[in-house]
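Please take a look at the sequence and the model below. A short report follows, written for someone meeting this protein for the first time.

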Amino acid sequence: MTAQASSSGSVPASTGTVTTAVPARLDRLPWSRWHWMIVIGLGTVWILDGLEVTIVGNVAGRIAEDGSGLDISSAQITGLAAALYVAGACSGALFFGWLTDRHGRKKLFMITLVVYLAATALTAVSFESWWFFLFRFLTGFGIGGEYAAINSAIDELIPSHYRGRVDLIINGSYWLGAIGGALLSIVMLDTDIFAKDVGWRLSFALGVILGLVVLLVRRHVPESPRWQFIHGQGEKADALVSSVEREIEREKGRELPPPAGEITIHQRKSIGFGLIAKTVFGRYPRRAVLGLSLFIGQAFLYNAITFGFGTILITFFDVPTGSTGYYFAVIAAGNFCGPLVLGPLFDTVGRRIMISSTYLLSGLLLFGTAWLFDRGSLTATTMTACWCVVLFFASAGASSAYLTVSEIFPMETRAMAIAFFYALGTAAGGISGPLLFADLTESGVVGDTVLAFRIGAGLMCAAGLVAAFLAVKAERRSLEDIAEPLSAAPDPSGTADSAARTG
């Protein structure tokens, strides 16, 4: 028996079946202060991630010097330590992604931030190389869990009309942290201010302090009502959405329009790995190919450029170690401007055109940069300018990879789908990438660095071609319309959108 729905929300039935208007109620909300709280509470952690990763890249040369307090080489930091960080992120994404779908978004995005902050703090007090490597892995473990928990929560809380641009800008905010990390490293590497064994440690400590502030803000971010009504908490979902509606009506000074529709759900507590795999690869094989292609392409392009960024400037253009931060701040600004400027187009022009074009443009531009570099036509300044243009488009494309896998699979598999594609794609590009590109960019041979650029550019272009054929037209559509929940009761009219049922 299916419960009858009230006009405002969810009425749980004794059979565990519920009819709810919660998704439609969330999607028809106008932008408000409540949504800004979601963005600040969840999105700011990417700033911390960008801050820390950039600091590591920029202080690698200093940590490798005598007197830093660690017996470690620059290649080990940009190669082995970077690969361990990504390996941790992949492992954390899978582990915490499973827990996120099982126990809720809020619990896990609190836990993962605590793990991330604790590991970062312990990195700052590294006294041996093995300690540094261990806590780089654990820092990645925490941030991988953040990707799964936060991206699923963002997409489930943000109205469909704004979902694309908000998701892109939040993921792109990583580069605001990168700008801060680049500029901060300039100060921290100045031995007139801090000793060699102190400055790099304080850089990590500052990230921890900022993270604690984010933790305080995040306490006010609610659980996803979409997760609640599927997992037997329909009354809580209804109460939460009702409180948000009242708050927004007071803010806007008008009543909200009625929701567009309802959905009937057979509530369940958890989803097994077998059903998740069957859903992702059996029910949506084309979408699985799309997600994997997007993640592998962006992972290799970014590793081709960013992990060896400082080394390339130092080796080929004689840029002093303490000055690489200025150059990195410039390309980080280009990275942030990409999602900021192009983000709205993903909701208006559409996903397929924007995803494929950003991937293809960034790949072709990197091929052009490789050609100019091979000819010896670039200086440190013009190389940085080329990278900045490449990453303007690549950043929007890379952010759309997270958006894509978080919205094209059913609600019950969302966090695990994000975790799986992030882990598999990033493992392919993010573990092998640093190990491969560290050797290529540190060899001092122009041809080796050109090869690194071409590998990244080629895979980015290939992913763009896949998107041109397989990308899903998800703009301005409800998540439940894009991919029907596994728990949804059959549509008695038989008129459900077939696009939500097939790959």
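Leaving aside its neighbours within four places in sequence, which residues is tryptophan 387 in contact with? They are Ile305, Phe309, Ile312, Leu313, Ile331 and Phe453. The model is a predicted one.

**The nonpolar cores**

Tryptophan 387 belongs to the largest nonpolar core, which has 123 residues. Trp387 and Phe317 have the most contacts inside that core. Helix α16 gives the most to it, with 15 residues. In soluble globular proteins, nonpolar side chains tend to be buried together.

**The overall picture**

The protein has 19 helices and three strands. Its residues number 503, and buried residues make up 58% of them. Consider the contacts with a separation of 6 or more: residues 24 or more positions apart account for 83% of these.

| Helix | Residues in helix | First to last C-alpha | Expected span |
|---|---|---|---|
| α5 | 29 residues | 42 Å | 42 Å |
| α7 | 15 residues | 20 Å | 21 Å |

Helix α5 reaches a span close to the expected one. In α5, 24 of the 29 residues are buried, so the helix is largely enclosed by the rest of the structure.

**Inside helix α5**

Asparagine 151 is found in α5. Is this residue buried or exposed? Asparagine 151 is buried, with a relative accessible area of 0%. A polar atom of its side chain lies 2.9 Å from the backbone oxygen of tyrosine 147. Leaving aside neighbours within four places in sequence, asparagine 151 is in contact with Trp46, Glu146, Asp167, Asn171, Tyr402, Ser406 and Ile418.

**Aromatic rings**

How many aromatic pairs does the structure hold? It holds 28. Phenylalanine 137 and phenylalanine 141 form one that is stacked, at 6.4 Å centre to centre and 25 degrees between the planes. Why are these two separated by about one helical turn? They are four residues apart in helix α5, which spans residues 129-157. Their accessibility puts them in separate classes. Phenylalanine 137 counts as partly exposed, at 26% relative accessibility. Phenylalanine 141 counts as buried, at 18%. Elsewhere, one aromatic cluster is formed by Phe281, Tyr284, Phe409, Phe420 and Phe421.

**Cysteines**

The structure holds zero disulfides. A disulfide is a covalent bond between the sulfur atoms of two cysteines. Where is the cysteine sulfur closest to that of cysteine 388? It is in cysteine 337, 7.5 Å away, and that is too far for a bond. The cut-off for a disulfide is 2.5 Å. Cysteine 388 counts as buried, at 18% relative accessibility. Cysteine 90 is buried too, with a relative accessible area of 7%.

**A buried loop residue**

Methionine 411 lies in the loop between α16 (380-407) and α17 (414-442). Methionine 411 is buried, with a relative accessible area of 2%. Leaving aside neighbours within four places in sequence, methionine 411 is in contact with Asp101, Arg105, Glu156, Arg226, Trp227 and Ile230. Serine 487 is 76 residues from methionine 411 along the chain, and the C-alpha atoms of the two are separated by 8.9 Å.

**Positive phi angles**

Two further loop residues concern the backbone. Aspartate 318 is not a glycine, although it has a positive phi of about 55 degrees. Its place is in the loop between α13 (309-317) and α14 (324-348). Aspartate 318 counts as exposed, at 64% relative accessibility. Arginine 476 also has a positive phi, near 60 degrees, in a residue other than glycine. Arginine 476 is found in the loop between α18 (446-470) and α19 (479-482). Arginine 476 is partly exposed, with a relative accessible area of 38%.

Technical notes:
Residues are numbered from 1 along each chain as its sequence is written. This is a predicted model: local features need pLDDT of at least 70, side-chain atom pairs count only at pLDDT 80 or more; totals for chains, interfaces and linings use all residues. Side-chain values use heavy atoms; hydrogens and water are left out. Rings of Phe, Tyr and Trp (its six-membered ring) pair if their centres lie within 6.5 Å; planes under 30 degrees apart count as stacked, over 60 as edge-to-face and the rest as tilted. Buried means under 20% relative accessible area, exposed over 50%, partly exposed in between (1.4 Å probe, protein chains only). The expected span of a helix is 1.5 Å times one less than its number of residues. Contact means heavy atoms within 4.5 Å. A nonpolar core is a set of buried Ala, Val, Leu, Ile, Met, Phe, Trp, Tyr and Cys residues joined through side-chain atoms within 4.5 Å. A polar contact is a pair of N or O atoms within 3.5 Å; within protein, one must be able to donate a hydrogen and the other to accept it, and residues adjacent in sequence count only if both atoms are side-chain atoms.
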